[in-house]
Amino acid sequence: MPAHTTLFVGLGSSHGDDRVGWLVADALVPRLGEHAIVRQAAAPLDILNWLDGIDRLAICDACQGTGPAGSWRRWPSPLQDFPAGRARHSHDLGLAASLQLAARLSTLPAEILLWAVEIGQASPNQTASAEVTAVVPAVVDDVLQVLTCQHA
Amino acid sequence: MSETRTIRVEALSRVEGEGALHIRLRDGAIEDVQLNIYEPPRFFEALLRGRPLEEVPDITARICGICPVAYQMTSVHALEAALGIGISPEIRRLRRLLYCGEWIESHALHIHFLHAPDFLGYESGIAMAADHPLEVKRGLRLKKHGNQLLEVLGGRAIHPVNVAIGGFYRAPRREELAALIPDFEWGLQAAVETTRWLAGLSFPDFSRPYEMVALVHPDEYPFNEGDVASTAGYSVPVTEYERRFEELHVSHSTALQSQRIDTRGCYFVGPLARLNLCREQLSPAARRLADEVGFDSPCMNPYKSIVARGLEVVHAYEEALTILRDYRPFRPPRVEYQPRAGEGCAATEAPRGLIYHRYRVNDSGAVEFAKIVPPTSQNQKQIEDDLKTYLPTILTEPDNRVAELCERLVRNYDPCISCSTHFLKLHWERT
């Protein structure tokens, strides 16, 4: 029986490297099993729809400005130095704002984990680049290690 | 010696593209106002050329993550016009249901998280949530319902995949739609409460003699079909759209702007335009509520667009409930067709206003030409004109306050830039 009720959300879009969160979520679905509920989202605000009964929230999203394309890092809970500036797109609250809103509404889980993958291009309707696609297995491996205390 | 005040707004912060405002003053008087809005559909017009027409709904859905249905609906209707396809009444009703879902989630997002904070003195929806948790949680739940409907009928909430030329790839089972009814019954009452709350807000006294443009239909509030009508007094088939309106390049923007061809004037699309032109076609509950809250007819105050959105959420819930309750599965889920060379156009009503597409396809079933005119580009010139009128009244304010007030005015239009609290960076040029 898992120690946590975990929600993993892959954030992204269909635009180039910005689909990395979805790619990680896709890879996790058959491997996380009972360890987590896995969802994909295009809008960070949608995460707030799924927080009932969740005590650990894990997110994977694209980021820019932290390093070369394909680099990635994990932010452990609590989220220190979380880059608050990236808005998802022009109709929505960004991830940081959405998490802040959840906290303000007292619905934010106690534990939050974030994996952020540095992307290059986010061109409309393009596939993810080789640099970003290549790191998906490593990110998945790390997610699995953290959420299940297992290696992939 | 003349004094020039130059204020330059760099690209909008935390926005996917560029949204900038450039104001040039000379001796304290406004000499020029230029607004730039990022316009992603331009890439897609080129991207669509050569692609199989079956891919168009899926590709155009990716233009916008909040309003994919608007692009899908307009594309399939335009392509069906090009191919000479007629859809069944059942397919038509399901398409209206899908649009209800998109209006609910888009309007709920804008009302609660982007626009209402302006009227209550908060810098963001987050700040507002602390003092108004009931309203914010209600807004989240309304948005969730819209997403759920898109997921059930569209195949997924992210870029629905079930929309096809000729109909849908799969018609839902009755129990799938019936399962939504309890939430939508709650949502209808919640939407009424939300609109009463919005109608009680305090609105700036700012009204102008706009020309408002929307689709009109004799029997229904417009979603997917209708003639293009204007408060200026004309109503024309959609096939006449490009004889009435044109897009033009402006030197200060990478985005195209729309204007009337004959007058070269701007015009206003969106919920306020729809309310002004189609109020009698609102659902019964929405129409009663519009009367109850004293919504002006016509209403020419763009700040009251937030109330118009509330009324449209009520309408969307009421119409959705009717369709959900009456739904019976049908076959086939889509009309079969053979590719043929042709050209067709269509307009539908996105949450933000009228959207227009035109396509030319060849007899191999490939797209040769695509034209996509989103509501935001149609409003851009109007927004600029509003700013030119509004700015003289606030010039004595500090620059950051001017930027804030300009953002609020722009947010009335719910354009494709209004995600962030501070999305406008202001460029002033003072000489």
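The model is predicted, so local features need pLDDT of at least 70 and side-chain atom pairs count only at pLDDT 80 or more, while totals for chains, interfaces and linings use all residues. Residues are numbered from 1 along each chain as its sequence is written, chains are lettered from A, and side-chain values use heavy atoms, leaving out hydrogens and water.

**Stop 1: chain A.** Select chain A and colour by secondary structure: you will find three helices and five strands (DSSP runs, H or I of at least four residues for helices and E of at least two for strands). Along the sequence they follow the pattern β-α-β-β-β-α-β-α. Of its 152 residues, 55% are buried (under 20% relative accessible area with a 1.4 Å probe, protein chains only).

**Stop 2: two helices of chain B.** Now select residues 181-199 of chain B, helix α8, and residues 305-326 of chain B, helix α12. Their axes come within 9 Å and cross at roughly 165 degrees (lines fitted to C-alpha atoms over the stretch in contact, with angles from 0 to 180 degrees between N-to-C directions). α8(B) and α12(B) are therefore roughly antiparallel, the term for angles over 145 degrees.

**Stop 3: where they meet.** Show side chains: the α8(B) residues in contact include B:Phe184, B:Leu188 and B:Val192, and those of α12(B) include B:Val314, B:Tyr317 and B:Leu321. The residues of this contact divide into 16 nonpolar, three polar and four charged.

How values were computed:
Angles under 35 degrees count as roughly parallel, over 145 as roughly antiparallel, 65 to 115 as roughly perpendicular and the rest as oblique. Contact means heavy atoms within 4.5 Å. Ala, Val, Leu, Ile, Met, Phe, Trp, Tyr, Cys and Pro count as nonpolar, Asp, Glu, Lys and Arg as charged, and the others, Gly among them, as polar. Buried means under 20% relative accessible area, exposed over 50%, partly exposed in between (1.4 Å probe, protein chains only).
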